[in-house]
Amino acid sequence: MSFIVEGRIRGGRTRRITLGQHPTMTVAEAKELAREKLLQMQKGEDPVESRKKEEAREQALGKTVGAVFESYLAVHQVSV
């Protein structure tokens, strides 16, 4: 059994979000998380897009300069 929340983001888009599964998440935890997601939607924020942006930010911050340089060299076919 999964807990979900469905709401309308300001601007008209409907979003359905899976919060978690039972018994890993309690009903009380699911209700609290659902309130947070609905409040976010009421403010006009898309919780899914916010999560994707945060994940992309964390991934970008996790790269080293060396890794970025190596990928640049691979894309531009430059040998050192």
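Begin by selecting Pro23, which is found in the loop between E2 and H1, where E and H label strands (E, at least two residues) and helices (H or I, at least four residues) taken as DSSP runs and numbered from the N terminus. The peptide bond that joins His22 and Pro23 is cis, with an omega of about 15 degrees. Most residues other than glycine have a negative phi, and most peptide bonds are trans.

Before going on, keep in mind that this is a predicted model, in which local features need pLDDT of at least 70 and side-chain atom pairs count only at pLDDT 80 or more, while totals for chains, interfaces and linings use all residues. Residues are numbered from 1 along each chain as its sequence is written, and side-chain values use heavy atoms, with hydrogens and water left out.

If you colour by pLDDT, the predictor's confidence in each residue from 0 to 100, the protein averages 90, and 96% of the residues score at least 70. Confidence is highest in E1, at a mean of 96, and lowest in H3, at 86.

Next, select strands E1 (2-8) and E2 (14-21). These two run antiparallel and are joined by 7 bridges, and two strands count as paired if DSSP finds at least two bridges between them. Ser2 stands opposite Gln21 in E2. The hairpin of E1 and E2 has 5 residues between the strands, and there Gly11 takes a positive phi near 115 degrees.

Which residues make up the largest nonpolar core? A nonpolar core is a set of buried Ala, Val, Leu, Ile, Met, Phe, Trp, Tyr and Cys residues joined through side-chain atoms within 4.5 Å, and buried means under 20% relative accessible area, exposed over 50%, and partly exposed in between (1.4 Å probe, protein chains only). The largest one has 10 residues: Phe3, Val5, Ile9, Ile17, Leu19, Met25, Ala30, Ala34, Met41 and Val48. Centre on Val5, whose contacts (heavy atoms within 4.5 Å) include Ile17, Leu19 and Ala34, not counting residues up to four places away in sequence.

Now turn to the charged side chains, where the structure holds 5 salt bridges, each a side-chain nitrogen of Lys or Arg within 4 Å of a carboxyl oxygen of Asp or Glu. One of them pairs Glu6 with Arg16, the closest N and O atoms being 3.0 Å apart. Glu6 lies in strand E1 and Arg16 in strand E2, so this pair ties together parts that are 10 residues apart in sequence. Glu6 is partly exposed at 43% relative accessibility, whereas Arg16, at 56%, is exposed.

Move to Arg15, which forms a salt bridge with Asp46, their closest N and O atoms being 2.7 Å apart. This pair links strand E2 with the loop between H1 and helix H2 (47-61), 31 residues apart, and both Arg15 and Asp46 are buried.

Finally, select helix H3 (residues 65-76), whose 12 residues should span 16 Å at 1.5 Å a residue, the expected span being 1.5 Å times one less than the number of residues. The end C-alpha atoms of H3 are 16 Å apart, which agrees. Just after H3, Gln77 takes a positive phi of about 55 degrees.
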